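Here are some exercises to work through with the model open beside you. Try each task first, then compare your steps with the solution.

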Amino acid sequence: MSGTLLSVRDLKVHFPIGRGFLTAAKSAVKAVDGISFDLERGETLGIVGESGCGKSTLGRAILRLTKPTAGNVVWLGRDFFGLDNASLRQARRELQIIFQDPLASLDPRMTVGAIIARPLKTFHPELKKAEMDTRVKEAMAQVGLVPEMMRRYPHEFSGGQCQRIGIARAMILKPKLIVCDEPVSALDVSIQAQIINLLRKLQRELGLSLLFISHNLSVVRHISHRVMVLYLGKIMEIAERDAFYANPMHPYSKALLSAIPLPDPKAERARERVMLQGDLPSPLNPPAGCRFCTRCPMATDLCHSSEPPLAPRADGRLVACHFV
Amino acid sequence: MRQSAAPILSARALCVDFKLEQGWVRAVDSVSFDVRRGEVLGIVGESGSGKSQILMAAMGLTAANGRCSGSVTFEGEEVLNAAPERLDRIRGSSMSMIFQDPMTSLNPYMRVVDQLTEVLVAHQGKSRAEAIDIAVEMLDRVRIPDARRRISLYPHEFSGGMRQRVMIAMALLCRPALLFADEPTTALDVTVQAQILDLLNGLVRELNAAVVIVTHDLGVIARLCDRVIVLYGGRIMEEAPIEQLFGAPHHPYSQGLLAATPRLDDDTAHDLRTIPGTPRALAGQASGCPFAPRCERRMERCMAETPLLRGEHGRTAACHLVAG
């Protein structure tokens, strides 16, 4: 890995609530609330957390698919949020996204060949039909699709194959970064493993960087170099993969890991669990102090009154907790 | 745990077919199993394996274009294709079901109190006041805080985890002898899933009910079940006590499924094991083992001759490679 690809600084995405024709917004859902991190070239950062923690909004805001409220993103040394529309369009070639629902993210009326060629047509209209076809066939072969299938329509493919089509479409412009938003959540276990292996291969061979958004910590472990844990729009912990899984430090990270049912009855029944009480609080009205304090088994008065900073620890990881 | 000798539910050569555009298609193919009181049976399989259709057939809820054959007996009485009046006597009181999606299975127009008390008034002839007391007590048991006030709310006023608790409370209200659960925690976040699985485990052991739980998640099976059936293409591939299935799976499909599941403690340096191909969308009537097209150990015989389940003492597998 060499050099920083992406720097995110104090990124905020707030969605106003109750705004009428003449009335100002009454309040806001702070979906992403002050997130900073760097992503290296060739690195995969896993972003985990429960529904409503802001992980998808974060991915979309970085690509400017959702309008950020504050903060900035530096892409290869340039201010990405400051780009005008024309420059943004050019820069977007290098930043792609794949979505959770593989079938819903493909236009049912377009052939698979046309879907995969679409980004190429947009950015390289000068390419001849034959060249375009060659590039499409290359991309299809790269993701394990038979190039002969390019005249077929999305509904003729299974979920796993549709996800491969989405990956081929994201890959055809040879991007530097792909935001993967729950790319395997809708897939069966046997197919999920195929797609994880494919992403690992592409990442390794092409030096791609991935932001891998998922609620599944076992999947994230198999693909990420580093892991970021989000809770109600804030980073709780960000650490190297092996250090994180061997020794999660934040109480929320511990609870998340211990909540996963292990596919191993002996280990599963023997282990001690950090059981969280209750549900995620409403992001409309997050708790004062540490956002996790209402569900944290270690919370004290301090946690309810003062928000812990995201501070570095001995092994270089960052943790936002008063008691770590 | 008290396991009685006579099974409470027995399925024998259960088949479910659906009439589609292309003709009759078999979703469940000659499935036989028993469940006893005090026992939790898991049925694991990928999408299209027919796992949910087994439960729907037993509950008499097969869709209008479907037909069931074979036999399903509940306490010795045939329930497959039974008259609605007979089923109504059993369903809700001695046999009940928890569905995957609590939002679509609760009536959005009815207050929770009316949905919960309906079953008590109808099946047990309780007065409304008595029924409300029992319902509140059950909501307390599934740990819904402030149950007496919250019981008058509508389903949309509950969070996803709370709604699933309401579903569980509803299914257990009449203290059923048999409980079906179809992916009961799939729609939930992992920390909430952990709470619900614990709750379910405690309640069914306390009621000494028989439980059939359908899921794609081997972790959920490992946490809850005593015995497991692995389903593929509508047929049983393997049946075993869970320690044996997870410790030494016999069938190549069970082996593949376990190997393809990402874990928290396996090696991340290598790719995940995969099962080539895609799950078969519909079980066909074609001869041979349904898994043969994807099986790495396929022989000529596997394509021609359907392997029968062989084995003893609750440990069986349907594979020509596994000696009975």
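**Exercise 1.** Is the crossing of α3(A) and α5(A) left-handed or right-handed?

*Solution.* Before starting, note that this is a predicted model, in which local features need pLDDT of at least 70 and side-chain atom pairs count only at pLDDT 80 or more, while totals for chains, interfaces and linings use all residues. Residues are numbered from 1 along each chain as its sequence is written, and chains are lettered from A and ligands numbered from 1 in the order in which they are written.

Step 1: find the helices. Helices (H or I, at least four residues) and strands (E, at least two) are DSSP runs, numbered from the N terminus. In chain A, α3 covers residues 112–123 and α5 covers residues 159–171.

Step 2: take the geometry. The two helices pack at an angle of about 30°, and their axes are 7 Å apart. Axes are lines fitted to C-alpha atoms, for helices over the stretch in contact, and angles run from 0 to 180 degrees between N-to-C directions. This angle makes α3(A) roughly parallel to α5(A) (under 35 degrees is roughly parallel, over 145 roughly antiparallel, 65 to 115 roughly perpendicular, the rest oblique).

Step 3: The crossing of α3(A) and α5(A) is right-handed, meaning that the near helix is turned clockwise from the far one by less than a right angle.

Step 4: list the contact. α3(A) brings V112(A), I115(A), I116(A), R118(A) and P119(A), and α5(A) brings I165(A), A168(A) and R169(A). Residues are in contact if their C-beta atoms, placed from the backbone, lie within 7 Å. By class there are 6 nonpolar, no polar and 2 charged residues (Ala, Val, Leu, Ile, Met, Phe, Trp, Tyr, Cys and Pro are nonpolar, Asp, Glu, Lys and Arg charged, the others, Gly among them, polar).

**Exercise 2.** At what angle do α4(B) and α5(B) pack?

*Solution.* Step 1: α4 (residues 112–124) and α5 (residues 128–141) of chain B pack at about 115°, with axes 9 Å apart. That makes α4(B) roughly perpendicular to α5(B).

Step 1: the crossing here is right-handed.

Step 2: among the contact residues are L116(B) and L120(B) of α4(B), and I132(B) and A135(B) of α5(B). The whole contact has 8 nonpolar, 1 polar and 1 charged residues.

**Exercise 3.** Which element gives the largest share of the side of domain 1 of chain B that touches domain 2 of chain B?

*Solution.* Domain 1 of chain B is 9–94 + 178–266 + 273–317, and domain 2 is 103–173. Their centres, taken over C-alpha atoms, are 29 Å apart.

Step 1: in this contact, 13 residues of domain 1 of chain B meet 10 residues of domain 2.

Step 2: helix α8 (residues 190–207) of chain B gives the largest share of the domain 1 side, 7 residues. That side has 10 nonpolar, 3 polar and no charged residues.

**Exercise 4.** How many residues does each chain bring to the contact between the chains?

*Solution.* Step 1: chain B brings 39 residues and chain A brings 33.

Step 1: on the chain B side, α7 (160–172), α8, α9 (218–224), α10 (242–247) and α11 (252–260) give two or more residues. The largest share, 7 residues, comes from α8(B).

Step 2: the chain B side divides into 18 nonpolar, 13 polar and 8 charged residues.

Note on methods. Contact = placed C-beta atoms within 7 Å. Domains from an automatic or database assignment.
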